[in-house]
Each structure stands twice: as structure tokens, then as C-alpha cells.
Amino acid sequence: MEEASTSCSANSASNALKRRKQYHTLLDYGHNLALRTQTDDAFAIFEGVSSMLVETNNLHKGMELERAKNCSEMNINVQIIKMGHDLVGAALQKSESSQFCEEELTAAIKAVVGESGNYSQWMQIGALGVKSFRMSKQSPILLGAFEFQPVAVERTVKERRRRQRQELGDPRKPQTVVKLQQEETDARKLQGIMEQLKSICLQRRKSIPYFELITDPTDYMNTVDTAFQISFLIRDGAVALESVDNVLSVRPTSDTERQQNKRNDDNVQAILSLNYAAWKGAIQKFRLKRPILTIERDLLDASQIS
């Protein structure tokens, strides 16, 4: 008895392995059919799906005869059935979305009428067309007759409010006037710095060291403000930066250089480091007791204009 049960289980395992191989073959066949849905007609796809489902059904019956309930085989069986359903849907969608063929319609009419075009045959087509028409279903309105009574629209009267006068604040100058006054003040300040720079360069007959020009030995913040003002003159091309004996120096530009700067649209930027230690070093290096430039620091500021 033990030998018989052992041989039976061995046969069952061998049959299960064969069915698994056949299931994988059907899956590959289904993937091939999926690729053919774009090229083959729907009838060929339907035949392939039919043969695939018949083979799947036979495999399932063989599994039931052996009374071997294998979850993996049942899962593959369900996958193949679902694949067949998807293939049929894709083939139907392709066949329904096909374009109208005038040649097939002409051939069908000729098959009914014939080449001679007999009168009785045309009457037969007319009779078929008349049978195709149907009257649209209609039903009477059951609401009955009624009289239209318009409803008067109520108009709400708005209460008149007394207009309140707006209180006037303190009179102020327009912002445009304030801006123009500040621009005029800045222009006068830059013009004064430019005139002093020309005079100093004319006396020395050479460029002036940059840090000697901007340094105010009595006030560090005045030095920062002077460097800020000089930067505008450099940006506008009125003052040139150059290196003389490895010392950064400044001088007024000539008319030729200014015209060349106007034709050149390239932006040139330079970064200089100015801190408290550099300010102290410039005072000791150039032995400054007072600033070279005389700048009016108390000019009218835009923030103080009312």
C-alpha cells in the first residue's frame, strides 16, 4: 500500500509540472495575441482566444480529476481567463473604431439591385428603408392649463447717508519734488568731488592713491561715504581706476576715454575691501592729518524734507 501511494503522489507531481509548463505556454501565446491586436483582424484574435480558453479548461479538468487543489495553478488559470477577456475587448474596440468602407457598401447594394438596376429591386430597397423609420414616442403634457400671474418685484429704497468730510492732514510737498531736490543735491555733491579731484591731479601731475583720496582720518563713516560717492563717478566713466607701481590709484578720464566708455556696453565690476583696520592702515601709510577732499556732509537729505 505504501508503494502504491508513493507512486500515485509521484504521478500527481509529474502531472502538475506538465500542467504548469502548459500554462506558461498559454501565457506566452496570450502575450503574442496581444501584440497582434494592432495588425490582425478581430476574427483571428477571437479564434486564438477561443483555442486558448479551451486548452485552459482542459487543464483545469485534469487538475480536478486528480483532486489536487494547487493555489498557484488556480491563479494562473484565472490570469489566462482575464487575459482572454482583455484580448476580446481590445479586438472589439479596434473593429468598432474602424473607418466606414464605401466599397463594401457599394458591393452590398449591387448584390441586391444587380448590374441592371431593375425597378422592382429598387422598390425592395425603398421598402427596407421605410421599415427602418420609427415615429418618435410622444406623450401629452399632464400639467393642465393655468394662468400666468406675474409677481411684483419689491424694490428696496436705499437710505441716503450723509456725506462726511475728510479731514485734511498736515500739508506736505509732493514726492516728486522731494525726489528732484535730492537728485539735485547728490549731483552738486558729485560735481564738487570731481572738481577737487581734477585740481589735485593737476597739482601733483599724477594719479592719486585711492585710499589716500577717500580716507578721512577724523571719521571712519565719512571714509565709507566718500568711497560710496567715488563709486558713482567710476560707474559713470568720469573717474578711472588704474594700478601705478602696484598701488591702486584714481584719476579723471579724458574725453577720448569717456567716448570709448559710451560705445562699450560691457559692465565692469570691481570689489574693494574697506574695514576699520584698512582705514587705520591708510592713515598711518599716508600720514594723514586731515582729509584731502572737502565734502559738505550736512547737505539736505530727502528723509528730512517735509
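Where in the chain is the place of Arg287? Arg287 sits in the segment after helix 10 (276–286).

## Model and conventions

This is a predicted model, in which local features need pLDDT of at least 70 and side-chain atom pairs count only at pLDDT 80 or more, while totals for chains, interfaces and linings use all residues. Residues are numbered from 1 along each chain as its sequence is written, and side-chain values use heavy atoms, with hydrogens and water left out.

## Chain overview

The chain has 10 helices and 3 strands; these are DSSP runs numbered from the N terminus, with helices being H or I of at least four residues and strands E of at least two. Read from the N terminus, the order of elements is α-α-α-α-α-α-β-α-α-β-β-α-α.

Of the 306 residues, 23% count as buried. Buried means under 20% relative accessible area, exposed over 50%, and partly exposed in between, with a 1.4 Å probe and protein chains only. Among contacts (heavy atoms within 4.5 Å) with a separation of 6 or more, 71% join residues 24 or more positions apart.

## Nonpolar cores

A nonpolar core is a set of buried Ala, Val, Leu, Ile, Met, Phe, Trp, Tyr and Cys residues joined through side-chain atoms within 4.5 Å. The largest has 19 residues, and those touching the most other members are Leu197, Ile208, Leu213, Ile230, Leu233 and Val250. Helix 6 (175–204), helix 7 and helix 8 each supply at least two residues of this core, and helix 6 gives the most, with 6 residues. Apart from this core lies another of 14 residues, including Leu33, Ala42, Leu59 and Ile80.

Residues up to four places away in sequence aside, Leu213 touches Leu197, Ile208, Thr226, Ile230, Val250, Ile292 and Leu293.

## Helix 8

Helix 8 has 16 residues and reaches 23 Å from its first C-alpha to its last, close to the expected 22 Å; the expected span is 1.5 Å times one less than the number of residues. Its buried residues are Asn222, Thr223, Thr226, Ala227, Gln229, Ile230 and Leu233. Seen down the axis, the buried residues of helix 8 fall within an arc of 165°, so they line one face; the arc is that of the directions from the helix axis to the C-beta atoms. On the other side, Met221 and Arg235 are exposed.

At the start of helix 8, a side-chain oxygen of Asp219 comes within 3.0 Å of the backbone nitrogen of Met221. Just after the helix, Gly237 has a positive phi of about 85°.

## Thr215

Thr215 lies in the loop between helix 7 (210–214) and helix 8 (220–235) and is buried at 2% relative accessible area. A polar atom of the Thr215 side chain is 2.3 Å from the backbone oxygen of Phe211. Leaving out neighbours within four places in sequence, Thr215 is in contact with Thr223, Trp279, Ala282, Ile283, Leu288 and Pro291.

## Exposed positions

Arg205, in the loop between helix 6 and strand 1 (208–209), has a positive phi near 60° without being a glycine; Arg205 is exposed at 77% relative accessibility. Arg287 is not a glycine either, and has a positive phi of about 55°, with a relative accessible area of 73% that makes it exposed.

Ser243, in strand 2 (residues 239–244), is exposed at 56% relative accessibility. Ser243 and Pro209 are 34 residues apart in sequence and 9.0 Å apart, C-alpha to C-alpha.

Technical notes: A polar contact is a pair of N or O atoms within 3.5 Å; within protein, one must be able to donate a hydrogen and the other to accept it, and residues adjacent in sequence count only if both atoms are side-chain atoms.
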